[in-house]
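Visitor: Hi, I've got a structure open here and would like someone to walk me through it. Could we start with the ligand and go on from there?
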Amino acid sequence: METGLSFTVRPLTADDLQTVAGVEAASFTEPWPLELFRKEFAEPGRVYLAVERGKTLCGYGGVMLLGEDAHIVTLAVIPEERQKGVGSLLMVSLIQAAKERGARNLTLEVRSSNQAAQRLYRKFGFEGVGLRRDYYRTEDALVMWAIDIDSAGYEGTLDEMRTAL
Ligand SMILES: CC(C)(COP(=O)(O)OP(=O)(O)OC[C@H]1O[C@@H](n2cnc3c(N)ncnc32)[C@H](O)[C@@H]1OP(=O)(O)O)[C@@H](O)C(=O)NCCC(=O)NCCS
């Protein structure tokens, strides 16, 4: 997928992992070990996508497909490319991929203090439904769901997000 901002979307692969290590370190207090990415790439029912500008990896995200429910498992954008729509482009692309594979509902966990990510997710129709206490050891996770993503109404939400890119 190409956008007006000259970002492109493609699969995230093992060749990206050295760069991913740097993005993880810059983005998360508990980065995923690269071995976890390698294991995830080998699992069925996973979609991992990267956004790049030219040859620069700007961000990536992944979704796990569990029948009608899909779980957004990670999302990160390099600090210098944040607030330019890269996270939204990743979300549009991951949600589209999940819908094409039969997902009807989406869920995710996000740090209760992570207002930036929560705002992004709310724009995609996610609502907080509860807290998982100490999910991140010292911090609670807000559990969010977006339901009926196969509905015409939700397709309208996605279209608005695509148009805004
Ligand atoms: C969360 C993250 C992925 C957002 O990526 P991004 O490319 O900056 O997101 P976008 O530019 O598409 O922004 C989309 C919306 O997110 C919200 N948002 C993004 N950054 C924000 C910030 N710093 N403060 C408040 N809201 C923010 C806004 O609602 C924004 O829409 P708007 O520009 O119309 O206000 C990015 O900040 C990041 O990688 N953070 C570190 C890792 C992380 O927290 N990942 C999520 C784990 S659950």
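Predicted model: local features only at pLDDT ≥ 70, side-chain atom pairs only at ≥ 80, totals over all residues.

Visitor: Which residues come nearest to the ligand?

Guide: Arg82, Gly87, Ser88, Ala116 and Leu120 do, out of 19 residues around the ligand.

Visitor: How do the shell residues divide into nonpolar, polar and charged?

Guide: Eight are nonpolar, seven are polar and four are charged.

Visitor: Thanks. Moving to the inside: how many residues has the largest nonpolar core?

Guide: The largest nonpolar core has 37 residues. Within this core, Leu49, Val51, Leu90, Leu94, Ile95 and Leu106 have the most contacts. At least two core residues come from each of β2 (46-53), β3 (56-66), β4, α3, β5 (105-111) and β7 (141-147).

Visitor: Where does the largest share of this core come from?

Guide: From α3, which supplies eight residues. As general background, nonpolar side chains in soluble globular proteins tend to be buried together.

Visitor: Let's take Val51. What does Val51 touch, not counting residues up to four places away in sequence?

Guide: Val51 touches Phe7, Val9, Cys58, Gly59, Val86, Leu89 and Leu90.

Visitor: How many residues apart are Phe7 and Val51 along the chain?

Guide: They are 44 residues apart along the chain, with 6.3 Å between their C-alpha atoms. Leaving aside neighbours within four places in sequence, Phe7 is in contact with Val51, Glu52, Arg53, Cys58, Val86 and Leu89.

Visitor: Back to α3. At what angle do α3 and α5 pack?

Guide: The angle between α3 and helix α5 (residues 152-164) is about 140°, and their axes are 10 Å apart. In passing α5, α3 makes a left-handed crossing.

Visitor: Which residues meet there?

Guide: On the α3 side there are Ser88, Val92 and Ile95, and these meet Leu158, Met161 and Arg162 in α5. By class, this contact of α3 with α5 has four nonpolar, one polar and one charged residues.

Visitor: Tell me about Val92, then: buried or exposed?

Guide: Val92, which lies in helix α3, counts as buried because there are 21 C-beta neighbours inside 10 Å. Apart from neighbours within four places in sequence, Val92 is in contact with Leu158, Met161 and Arg162.

Visitor: And how far apart in space are Val92 and Thr163?

Guide: They are 11 Å apart, C-alpha to C-alpha, and 71 residues apart in sequence.

Visitor: New topic: backbone angles. What is phi of Gln83 near?

Guide: Phi of Gln83 is near 60°, a positive value in a residue other than glycine. Gln83 lies in the loop between β4 and α3. Gln83 is exposed because 8 other C-beta atoms lie within 10 Å, and a residue with 12 or fewer counts as exposed.

Visitor: What about phi of Asp148?

Guide: Asp148 is not a glycine, but its phi is positive, about 55°. Asp148 is in the loop between β7 and α5. With 11 C-beta neighbours inside 10 Å, Asp148 counts as exposed.

Visitor: One more stop. Where is Lys123 placed?

Guide: Lys123 is in helix α4. Lys123 is partly exposed, with 15 other C-beta atoms within 10 Å.

Definitions and conventions: Residues numbered from 1 in each chain as written. Near = placed C-beta within 6 Å. Nonpolar A, V, L, I, M, F, W, Y, C, P; charged D, E, K, R; others polar. Core = buried A, V, L, I, M, F, W, Y, C linked by C-beta atoms within 7 Å. Buried ≥ 20, exposed ≤ 12 C-beta atoms within 10 Å, placed from the backbone. Helix = DSSP H or I, 4+ residues; strand = E, 2+ residues; numbered from the N terminus. Contact = placed C-beta atoms within 7 Å. Axes fitted to C-alpha atoms, helices over the stretch in contact; angles between N-to-C directions. Left-handed = near helix turned anticlockwise from the far one by under 90°.
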